[in-house]
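I would ask you to keep the sequence and the structure in view while I talk.

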Amino acid sequence: MLAAGSLIVGQSFDAAAQAVEVRQWQGTNAQTRQSEHVVATNNAEWRGLWSRVGAAPPDHFEPGRMRAVGIFLGRRQGEGYLVNILSANRRRDRIVIVFEERVPAEALMAQRSSMAASRPVASSPGFAPGGAAGFAPSANATASLAPVPARPPAVVTSPWAIVLINRSDLPVSVEQRLLR
């Protein structure tokens with residue numbers, strides 16, 4: 001999947017920030033499978049960004065007038081992951097691109113339930129893990145547990161976004177907003 005868009009991104013809570021006009025492309029299957037952020041300032045680097053995606057570069061890049069940022073999330077187990085660009089702002093002496101990783105609902109629920117399951121459970125006095133009142137569990141205690149069904153292998157994706165910035169006079173930083 002390859003999606004393109006031109007927009008002015010800029011929802012910032014920083015009073016000194018100014019929205020910057022950008023154009024972006026995104027997809028779910030980059031050729032590169034590692035997590036990285038790459039800045040392009042010339043034609044060779046622009047082509048390099050697109051080679052990481054596995055696509056021909058659009059003819060929109062103007063060296064000396066523009067910069068581009070490639071955001072690659074790396075391997076993800078399953079579909080529905082993507083890079084969501086939240087803002088592109090000038091903050092003092094730099095341009096800051098803020099993004100978040102969009103996670104499919106079922107993966108987010110699984111992540112939250114595994115975090116809840118890893119929390120320690122308080123036990124009553126006199127009860128020790130493994131058996132009642134410190135005794136070891138019986139030999140057939142584990143035999144009564146139902147087997148865990150095997151999950152089918154998930155599709156591997158590698159979400160990405162490339163952001164073309166209509167400025168080249170300032171350095172670029174990339175920030176990721178984490179899930180809450």
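This is a predicted model: local features need pLDDT of at least 70, side-chain atom pairs count only at pLDDT 80 or more; totals for chains, interfaces and linings use all residues.

Let us begin with helix H1, which covers residues 43-53. Which residues of the helix are buried? They are Trp 46, Gly 48, Leu 49, Trp 50 and Val 53. For those new to helices, an α-helix has 3.6 residues a turn, so residues three or four places apart point the same way. Just after H1 comes Gly 54, whose phi is positive, at about 90 degrees.

I turn now to strand E3, residues 36-40. In a regular strand, side chains alternate between the two faces of the sheet. In E3, Glu 36, Val 38 and Ala 40 make up the covered face, while His 37 and Val 39 make up the uncovered one. The partner of E3 is strand E4, residues 67-72, and the two pair in the antiparallel sense over five bridges. Within this pairing, Glu 36 stands opposite Phe 72 of E4.

Next, the interior. In soluble globular proteins, nonpolar side chains tend to be buried together. The largest nonpolar core here has 16 residues, and those with the most contacts inside it are Ile 71, Val 83, Ile 85, Ile 95, Ile 97 and Ile 165. At least two residues of this core come from each of the strands E2, E4, E6, E7 and E9. Another core, of 15 residues, lies apart from it and includes Ala 30, Val 38, Leu 49 and Leu 164.

Val 163 belongs to strand E9. Is Val 163 buried or exposed? Its relative accessible area is 0%, so Val 163 is buried. Although Val 163 and Val 69 are 94 residues apart along the chain, their C-alpha atoms are separated by 5.1 Å. Beyond its neighbours within four places in sequence, Val 163 is in contact with several residues, including Val 22, Val 69, Ile 85 and Ile 97.

The second residue is Asn 84, in strand E6. Why does Asn 84 count as buried? Its relative accessibility is 19%, and the cut-off for buried is under 20%. The side chain of Asn 84 makes a polar contact of 2.9 Å with that of Glu 100. With near neighbours in sequence, up to four places, left aside, Asn 84 also touches Val 98, Phe 99 and Arg 102.

Finally, the aromatic rings. A pair of such rings is described by the distance of the centres and the angle of the planes. The whole structure contains five aromatic pairs. One of them joins Trp 25 and Trp 46 edge-to-face, with 6.0 Å from centre to centre and 65 degrees between the planes. Trp 25 is in strand E2 and Trp 46 in helix H1, 21 residues apart. Trp 46 also pairs with Phe 61, and here the rings are stacked, at 5.1 Å centre to centre and 15 degrees between the planes. Because Phe 61 lies in the loop between H1 and E4, this pair ties together parts that are 15 residues apart in sequence. Phe 61 is itself buried, at 8% relative accessible area. Together, Trp 25, Trp 46, Trp 50, Phe 61 and Trp 160 form one aromatic cluster.

Thank you for your attention.

How values were computed
Residues are numbered from 1 along each chain as its sequence is written. Side-chain values use heavy atoms; hydrogens and water are left out. Buried means under 20% relative accessible area, exposed over 50%, partly exposed in between (1.4 Å probe, protein chains only). Helices (H or I, at least four residues) and strands (E, at least two) are DSSP runs, numbered from the N terminus. Two strands pair if DSSP finds at least two bridges between them. A nonpolar core is a set of buried Ala, Val, Leu, Ile, Met, Phe, Trp, Tyr and Cys residues joined through side-chain atoms within 4.5 Å. A polar contact is a pair of N or O atoms within 3.5 Å; within protein, one must be able to donate a hydrogen and the other to accept it, and residues adjacent in sequence count only if both atoms are side-chain atoms. Contact means heavy atoms within 4.5 Å. Rings of Phe, Tyr and Trp (its six-membered ring) pair if their centres lie within 6.5 Å; planes under 30 degrees apart count as stacked, over 60 as edge-to-face and the rest as tilted.
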